[in-house]
Amino acid sequence: MKFLIIGASSGLGRSLSEALAASGHDLVLVASDERDLSVQCADLSLRYHGMIVPVACHIDPRNQWLDAFKDRMSMMTDLDGIFFPLGWSSDRDSVALDSEHVDALVESNFSAIVKIVSLFLNHFLARGRGSIVGFGSVASLRGRSNNVVYAAAKRALSSYFESLRHALANTQIRVQFYQLGYVDTPRNFGKRFLFPQGDPKIAAKRVMKNLHRDFGRVFFPRFWFIIQYVVRWLPWRIFKRLNF
Amino acid sequence: MSFPSTRTILTSFDGGVVLQASVQKPDKYRFFDSLGDVALIPRGAGLSYPAASFGSESTSVDLSNFNRLLSYQDGLLHVEAGATLGQVYNFLIKHGRYLPIQPGHPDITIGGCVAADVHGKNQLRDGTFIELVEALELFHPKHGVVTLSRTEHADLFYLTCGGYGLTGIIRTVHLRTRELPSPVVEIVTIPVSSVEDLEAVITEKARQYDLVYSWHDFTQRGKGFGKGFIKAARFVPSSEVASSFDQRDRHPKRTLYAEHRGMYRYAFFSQWTTRPFNALFYQSNMIGRSVHKMPLYDFLFPVHNKEIYFKFFGRKGFHECQFIIPFKQVSSWTEEVKVYLSGHSISVTLASAKLFVGEQRLLRFTGQGICMALDVPRSAQGRLFVDFLNDLATRTGAIPNIIKDAELSAPVVAACYPEYEAFRSALRAWDPDRMFRSHLSERIGL
C-alpha cells in the first residue's frame, strides 16, 4: 500500500513513517526541511523494501505552498491513505496575537489539512476506499488562556473530521481522528506535565493496528478518555483558577 | 522553531559525577543553524563512565534523534552519529558484514565510539575504532560543517577520533565494515591459574582467535591471585551454521541508562559478597568450558541483558580503571597490585585483560602491552586504590584510559600521555574559545 504522511520528519510523524515502512508500505513523506527529509528517506529506503519518496514543502500562509504541493502530488494517483501528524504551536499564542501568527497557527493546524484532504478526496472517492487520519490535541478540549489559537484550530480540525466522517459514512473511506494527549516529542523535551507523556512509537503502532477500523475519534494515551470528562465538566469556578 | 532546553540532573555511568546540566534534544538539522556562542558538548547514549557528555557550564546536545542510516555501498556504511551499535549490527548482519571493533553494549552510539576511540575484543588484530572511520562530518558553530578524513583535514580527523567530543559535534560517520565470516562464533574457555601466566597465554590466543578477552579473580590471595580464564572465539564457517539460526533484529529496546544504573540504594558488592560472587562466576564459566557456539551478537555485547552487574554497585556506583601496561612492566605491576590488595580489603569485582599493540598518539587509548580493567565499588578505600593504581601507572609507564576513570587528574594524564600538550595546543588552535567543554575536559585540564 502507499501512504502520504504530512509532517513526517519529527515526533509522531517520524515514528509513523518508520512503522509503515517497516511493514513494507510505500511512502510519500512531506516535511518542511529538505535536510531532515532526505536523511529520513535515506534511512527508511536503506532498511526497508518499500519505495520512499520525499517531498519538501513548508506550509506557510505567506507563500504559495499549495500550488507547489499540487504540482508535486499530481502524479500520486495511487494513494491508499493520508496521515496528518503535523501541527505547530507558539509560546506567544494568547488571546491577543498578531495576524501573522494567527494565520500561521490556523494554516499549520487546520486549514492546510482541509486543503490537502480536499485535494485528494476525489481520488479516494474514485477508488472507493482509503484512509484519512488526523491528529488533534487535548488542548482543544476546553479553551484556556494558553495556546489559544492553536487549541481553536485543533478544535476546528476535530469538527472537520467529524464532518468528513459523516460525509463519507456510506463509503469504504475510513476517517479516523486521534486526540493526542502529551506525547514525548522533541518539542516537549524536558517539560513537566500533569500527566505522563505517551511514546510516539506506541502511538504509531496503535495507528497502524487501527488502520482499517471505523471508530471516528479516540484518545492517545488512552487514559485521556477519562480525563477529558474531568476537564470538560470541571465547574467554571474551579476551572478559571487553573493555570495550565 | 526553537528547541527547548532543560536543566536536569545528569549522572556519569559510574555514579562518580552527579550534577545539574542543560540539555537540548533536537531532531532537526536546522538546530545547527541556530547555535550561538554558548558552551556545548555532544551527548550520545550518555553511557560514558566519566562525565564526558555533560558539564555544569555546558549545554549537552543529545544526538539520539540523529540515529539514521544514510547509505551503504561496497562495505562502506554512512550513518548519523546517534545511531547505536545495535542498530548498525542489525543492519549489517543482513548484508553479511559487521564492525570488528565494538565495546560491550549495543546502546552505545557510533559518535561515542569515535569520540572515545573505543576498542573491541581483539585490539591486537583490529586496532581501535579509528581504524573503521573512513571519514566523518564535524559541525562547529564557528567553522560550520567540515568533512574530515585521513586525507582531508587530517590533523583535525586525528584530533576528533579520540577527542572526547571537544572538537565539535560529529554529525555523520562513514564506517568501513568487514565481511562477516558467519553470525556464529565458537567459544573456548581457557583456564589461567594465576595472573602471571596471562601474558604468555593471551598473546598466543589473540593470534589464534578472532576475539579474545580474559577474566581474573583479584579477590584471591596468595598464589591463586588473578586466577581466571580466557574467552577466545573464532567464527564458525558458514557451512556449519544451522539454517534455522535466528537472524531477527536483536535488542529492539534500549536497556542501559546511566540514570537507572543507581536504581538500588544499597550495593550488593562488599568485601563479604564479592569473593563468593567471583568464585561463583569463575565456576559457572568453568562448568561450561567445553567448546560451544554462540551468536556473535552475544559475544560482542556481553553486557547486554547483564546490566544488573552495574546496578549491584548501588547508588554510590563504582570506580573503573583501565590501563595499558607495557609488556616489560606487567610482572612488577601485577606484583605491586597483589601486595596492595593483600593489605587492604578492596572488593575487586572485575579484572579483565586484553592484548594491545599500536602506537600511542594524542589522547587515544592505544599502545603496546596488556590492557587491564578493574572495577571496585565506589568508596574512600576504593578511591585510594585508584590513586595507587594511577601512581603505579606513572611509575611503570602504563597508560590510563581517560574514558573509564571519572576522577583521573590532569597531572596523571599529562604524565602518562606524552602528547597531552600537543592535544591541548591543537584543540586551542582549532577552537580558541573552547566552545566544547565537559566535566571531563575541565577535570583533565583541557
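Seven bridges join strand β13 (residues 211-217) of chain B to strand β14 (residues 227-235) of chain B, and the two run antiparallel. Helices and strands here are DSSP runs, helices being H or I with at least four residues and strands E with at least two, numbered from the N terminus. Strands count as paired if DSSP finds at least two bridges between them. Along this pairing, B:V212 stands opposite B:A232 in β14(B). Strand β13(B) also has three bridges to strand β17 (residues 350-356) of chain B, again running antiparallel, and there B:H216 stands opposite B:A351. Six of the seven residues of β13(B) are buried, so the strand is largely enclosed by the rest of the structure. A residue is called buried if 20 or more other C-beta atoms lie within 10 Å of its own, exposed if 12 or fewer, and partly exposed in between, with C-beta atoms placed from the backbone.

A word on what you are looking at: this is a predicted model, in which local features need pLDDT of at least 70 and side-chain atom pairs count only at pLDDT 80 or more, while totals for chains, interfaces and linings use all residues. Residues are numbered from 1 along each chain as its sequence is written, and chains are lettered from A and ligands numbered from 1 in the order in which they are written.

Staying with chain B, let us turn to another sheet. Four strands form an open sheet in the order β1-β2-β4-β3, with mixed pairing. Strands β1 (5-11) and β3 (40-43) of chain B stand at the edges with a single partner strand each, so one side of each is left without a neighbour in the sheet. Neighbouring strands of this sheet are turned by 40 degrees against each other on average, direction ignored. Within this sheet, β1(B) is joined to strand β2 (residues 18-24) of chain B by seven bridges, and the two run antiparallel.

Next come two helices of chain B. The axes of α11 (residues 330-343) and α12 (residues 380-396) come within 11 Å and cross at roughly 155 degrees. That makes α11(B) roughly antiparallel to α12(B), because angles over 145 degrees count as roughly antiparallel, those under 35 as roughly parallel, 65 to 115 as roughly perpendicular and the rest as oblique. Axes are lines fitted to C-alpha atoms, for helices over the stretch in contact, and angles run from 0 to 180 degrees between N-to-C directions. On the α11(B) side, B:S332, B:W333, B:E336 and B:Y340 meet B:F388, B:L392 and B:T396 in α12(B). Residues are in contact if their C-beta atoms, placed from the backbone, lie within 7 Å. The residues of this helix contact divide into four nonpolar, two polar and one charged. For these classes, Ala, Val, Leu, Ile, Met, Phe, Trp, Tyr, Cys and Pro count as nonpolar, Asp, Glu, Lys and Arg as charged, and the others, Gly among them, as polar.

Two loop residues of chain B deserve a look at their backbone. B:D74 has a positive phi of about 50 degrees although it is not a glycine, and is found in the loop between β5 (69-73) and β6 (76-80) of chain B. B:D74 is exposed, with 6 other C-beta atoms within 10 Å. B:H153 also has a positive phi of about 50 degrees without being a glycine, in the loop between β9 (144-149) and α5 (154-160) of chain B. With 18 C-beta neighbours inside 10 Å, B:H153 counts as partly exposed.

Now cross over to chain A. An open sheet of seven strands has the order β3-β2-β1-β4-β5-β6-β7, with parallel pairing. Strands β3 (52-56) and β7 of chain A stand at the edges, each with a single partner strand, so one side of each is left without a neighbour in the sheet. The twist averages 15 degrees from one strand to the next. Nine bridges join strand β5 (residues 129-137) to strand β6 (residues 172-180) of chain A, which run parallel, and A:S137 stands opposite A:L180 in β6(A). Helix α4 (residues 99-127) of chain A lies across β1 (2-6), β4 (81-84), β5 and β6 of chain A, at about 160 degrees to β5(A). Helix α5 (residues 148-167) of chain A lies across β5, β6 and β7, at about 155 degrees to β5(A).

Finally, the two chains meet: 15 residues of chain A are in contact with 19 residues of chain B. The chain A side of this contact has five nonpolar, three polar and seven charged residues.
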